[in-house]
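Me: I have a model open and want to go through its contacts. Can you take my questions as they come?
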Amino acid sequence: MKKMTVMISILLLFIACGKQAPTPGVTDTEILIGNIQDLSGPMKELGAVLPAGSNLYFQYINEQGGVHGRQIKMIVEDHQYNPQKAVVAAKKLIEKDQVFCLYHVIGTSTCEAIRPILAETKTPLIAPATQSGTMSDLSRTAGDLIFHTDTGYDKQTNILIDYILNNDSNAKIGLIYQDDDYGENVLKGAGEAESRHSISVQKEAFQRGATDFTGQVGNLIKGSATHVIIAGVVKEPIIVMKTASAMGFSPQFFGTSPTMDHRVALAAGPAGEGFIAANFADLWNSDASEAVHYRELCDKYEVPEAYMGMYHFYGYITAKVLVEGLERAGKNPTRNRLINGMETLKKWDSGAFPPITYNSNDHAGTESVILVQIKDGVQTVITDWID
Amino acid sequence: MSDLQIQNLHMHFSGVRALDDVSFEVNEGEIFSLIGPNGSGKSTLFNCINGFCKPQQGSMIYNNINLKTIKPHEIVKEGISRTFQNLQNVPYMTLLENVLLGAHRRLTIQDTINRWFSQKEREREEALALEIMDFLGIANFEKKYLSGQPYGIQKLVEIARALICKPKLILMDEPAAGMNDQETLEIAKIISEIRDVLGITVLVVEHDMKLVMSISDQICVLDSGKILAMGKPDEVKNDPDVIKVFLGDEAHA
Amino acid sequence: MIKGRYDDENLKWIPVLIIAVYLFPFLLKSATFSYKYYLYIFNIAGVYIILTVGLDILSGFTGLMSLGHAAFLAIGAYTSAILVDQIGLPFELSLIITPIIVGICGFVIGFPALRIEGMYLGLTTMGFGFIVKRLIIAFREWTGGAGGLHVSKATFFGYTIRNDWDNYFMIYTFAILAIIIARRIVKSKLGRAFMAIRDSEQAAQASGINLAKYKMMSFFISGMFAGFAGVLFAHTNHFISTDHFDILLSIFFIVMVLVGGVGSIYGAVLGTLFIVLMENMFIPLFEDGMSQFVHLEAGEFQVFIFGLIMLLFIIFQPQGLYGMWLKMRIYWKIFPFNPKKRFT
């Protein structure tokens, strides 16, 4: 009986200590933002660079006095590219750390996995770091809470096929894709383009992490493809182009946005000459207004040389989109006001992304890319924004 | 009438002759002992009867059943159970559970399911084991885990496990190995009781000559896979070949 | 008759524990505002408990190594998602059918176990994991390919399981049920046969146990538990993809069983709770605390801690957490008369 009394009193104590919910993530001096990155999984190289890029811009804004007088603070969690861990991290950020919104969560399956939580807690997710075209689909769970900034892979594939057929209407197109969610999305885009142009694209799959592409290239030679789209990351286009050149096969190679990396030009050497990659943002070393500003800030805050590059800039520029949304959310931001604020962006020029437009029926942001070609071993922009 | 008939058994492991033309008969209600120096093929013979080894030639008939064609786990169904030379118990089960392991064939699936829901069934199952354990004098330890128990008790658990499946013939592989005189006496008593009280035929392999001579009805001496001598204890004891093998030439002189 | 003094099990605290499990969320809710986050972690643990209890029957009791249990979980999750969302079976029926389907998969995977054992069996089951992943991607009309699959919420006799709060009660009800059933299995003829196969195949055969049959049965039962966990996994996570079920998860399951104590059902439960809470709660908390003083790469530290835990357990506490608990219990029971050397 005595034990019972003790237990009940402990229970009552807990109930008495129960806390009240504050406005999540917003105080008079601070806005708390949650970011989930892969800090120790297969893509941990990006995990360090992307938030560093975002923090560069936040540092700049905070020194300017912040957003409506509030400093921006970002908490980074690790998900190891595992959807289960992503859910745990999102719950921690939303329930425990009480962040205002999520931002720049990397990975397609991880973003898909946290959709139910976003919907349940009505937390917006700004600029997920994935180019999956399904991210901005409003009909899906939490679709109204996600604001996508990148042009989806399906759209990218569409644009590339359009571009190829515009230049050469007799082109035979081959496609090498990764056998995962990324490739899934590329296939969807290719399928759309096929039915639109009533052509057939020769599709060759490879497994994530593959290092041998002789089979795929051999099949493309058999199919006598004249234009080949490589939907890989960095390693794959290099190996494919080297294999092709060794096998005496020289079609025009194209790549989706992840292949738009300066390492491709460096490592592929002569085999990579002429390789055209699509990208959803301007190059960090280009003359675009924000790229210039970025390099100035890098100098000012002494960013290490190793960090500077495409991904660092990507983190930086999405941070600018988020800050713009927070500005538009007004002096007393709530999650709803952030969503409304984001939806007022009309052909807004970030200085690096193509003009961004959101409204209540469209959260895709942009649907255009620039094409970047390797000329004499240097990446050169060859088109304006095309869509 | 003879219970177990072994005829012209040959067994060799890639050149090594373990059993060479072994024939004998075990009569019902007998205590039949197999003796011989190390490596003379006693345990191999047991393994053959038990189905672990398949002899190349010869026949083994038990109650008109050809043991050669039966799988090891079906032997027990025919009424033959055995104990092992090295302890083959499950250390992380209690004594009771170890003994019940032997009752595997006696418990049907229906019993198992009933047991989940009824305390009474559970007690009935345990009573099976307790009966045997009581017989062997280890019933007081039934809830203890086997690991850490004295060697003598572990030996008795093996015997209990062999007895609980109600065999008609029990094969005992060195039941008194590693025991002191007191415990050996106890084992001798138990072996006699198994025959006298439970009416089970016993085929035993043993090194302890005193034990063998005191309890056996028949003794078969094996050496290098061949039968050296066979007969009543007194006959075997005085056989010059046996003395030579067991005690060496000097003892004879 | 003198009963064993402290080796028989004390069952009095089990009802108390069950009540505590059900009271826990109320306590948590009143204690912290972010209770949903903690509940979610406990929900993960609950689903994994069902699986590791089954894995313990296979690996701990029967001694058959499996590195393919993430794949069993995946089959269960996808099967249930397809049965409920695409074929339209009710959730309750899926709870019965899916475990049987996964059990049959386990049965099929059990065939190699008749010939090989130990590490080789581990590698074979690991290969099975890769095959399952490929198959899931290949059947993209049903499974959504590598892109993953959104799963509906569970409806249990007209009541929709909406959030983590409801999930907790559903998962832990089934987890308790799974623990009870597993205990019943290992304490019966079946469990004795499994343990005999692990420790002495000869004794098992001499007792009339058909090795092949019981090894397969062990795989079947283990598969059923994994399938059951898979159903709950799918319908409480609402999203499944091949990334959820990678090979590392299978290894984690083995670690859970090892840390908890091989060959005891409560050990598997304790080990699972320990690892899941450690991984998702304590190490992040510890890291947050540490990062104020030294710069840490989050994930690296976690791997280091896990390696250390495994090493320490294998060296100092091979019987796992449950063995530790048993020793502690004996220590306190005979407290004033504790000859210290007994427990080292």
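Me: How many salt bridges does the rule find across the interface of chain C and chain A?
Reply: Six salt bridges turn up across that interface. Keep in mind that this is a predicted model.

Me: And how many over all chains?
Reply: The search of the whole structure gives 26 salt bridges.

Me: Back to chain C and chain A. How many residues does each put into the contact?
Reply: Chain C contributes 38 residues and chain A contributes 37 residues.

Me: What area is buried there?
Reply: About 3400 Å² is buried between chain C and chain A, and carbon and sulfur atoms give 56% of that. On the chain C side, Phe33(C), Tyr37(C) and Asp243(C) lose the most area to chain A, together 19% of what that side buries.

Me: How many residue pairs are in polar contact across the interface of chain C and chain A?
Reply: Nine, with both residues of each pair at pLDDT 80 or more.

Me: Which helices of chain C supply at least two residues to the side that touches chain A?
Reply: The helices are H1 (13-31), H2 (35-61), H5 (119-138), H10 (211-237), H12 (265-290) and H13 (298-316) of chain C. H2(C) gives the most to that side, with seven residues. By class, the side of chain C that touches chain A has 15 nonpolar, 14 polar and nine charged residues.

Me: Which residue forms a salt bridge with Glu184(A)?
Reply: Arg140(C) does, with the closest N and O atoms 2.7 Å apart. Glu184(A) is in helix H6 (residues 181-197) of chain A and Arg140(C) is in helix H6 (residues 140-143) of chain C, so this pair joins two chains.

Me: Is Glu184(A) buried or exposed?
Reply: Glu184(A) counts as buried, because its relative accessibility is 18% and the cut-off is under 20%. Arg140(C), at 28%, counts as partly exposed. Both residues belong to a network of salt bridges that links Asp179(A), Glu184(A), Arg134(C) and Arg140(C).

Me: What does Lys85(A) pair with?
Reply: Its side chain meets that of Glu279(C) in a salt bridge, 2.8 Å from N to O.

Me: Switching to chain B. How far apart are N and O in the salt bridge of Arg195(B) and Asp217(B)?
Reply: The N to O distance is 2.6 Å. Arg195(B) sits in helix H7 (residues 181-196) of chain B, and Asp217(B) in the loop between helix H8 (209-215) and strand E9 (218-223), so the pair ties together parts that are 22 residues apart in sequence. Arg195(B) also has a salt bridge with Asp196(B), at 2.8 Å from N to O.

Me: How accessible are those three?
Reply: Arg195(B) is buried at 19% relative accessible area. Asp217(B) is partly exposed at 25%, and Asp196(B) is exposed at 52%.

Me: Now the domains. Where are they in chain A?
Reply: The assignment gives domain 1 as 30-152 + 286-365 and domain 2 as 153-279. Their centres, taken over C-alpha atoms, are 29 Å apart. Ten residues of domain 1 and twelve residues of domain 2 make the contact.

Me: What area do they bury?
Reply: About 920 Å², with 49% from carbon and sulfur atoms. In domain 1 of chain A, Gln131(A), Gly152(A) and Met310(A) lose the most area to domain 2, together 46% of what that side buries.

Me: How many salt bridges are there across the interface of those domains?
Reply: The rule finds zero. It does find seven residue pairs in polar contact. The domain 1 side divides into two nonpolar, eight polar and no charged residues.

Methods:
Residues numbered from 1 in each chain as written. Chains lettered and ligands numbered in written order. Predicted model: local features only at pLDDT ≥ 70, side-chain atom pairs only at ≥ 80, totals over all residues. Heavy atoms only, no water. Domains from an automatic or database assignment. Contact = heavy atoms within 4.5 Å. Buried area = accessible area lost by both parts, 1.4 Å probe. Salt bridge = Lys/Arg side-chain N within 4 Å of Asp/Glu carboxyl O. Polar contact = N/O pair within 3.5 Å; in protein donor to acceptor, adjacent residues only side chain to side chain. Nonpolar A, V, L, I, M, F, W, Y, C, P; charged D, E, K, R; others polar. Helix = DSSP H or I, 4+ residues; strand = E, 2+ residues; numbered from the N terminus. Buried < 20%, exposed > 50% of the residue type's maximum accessible area, 1.4 Å probe, protein only.
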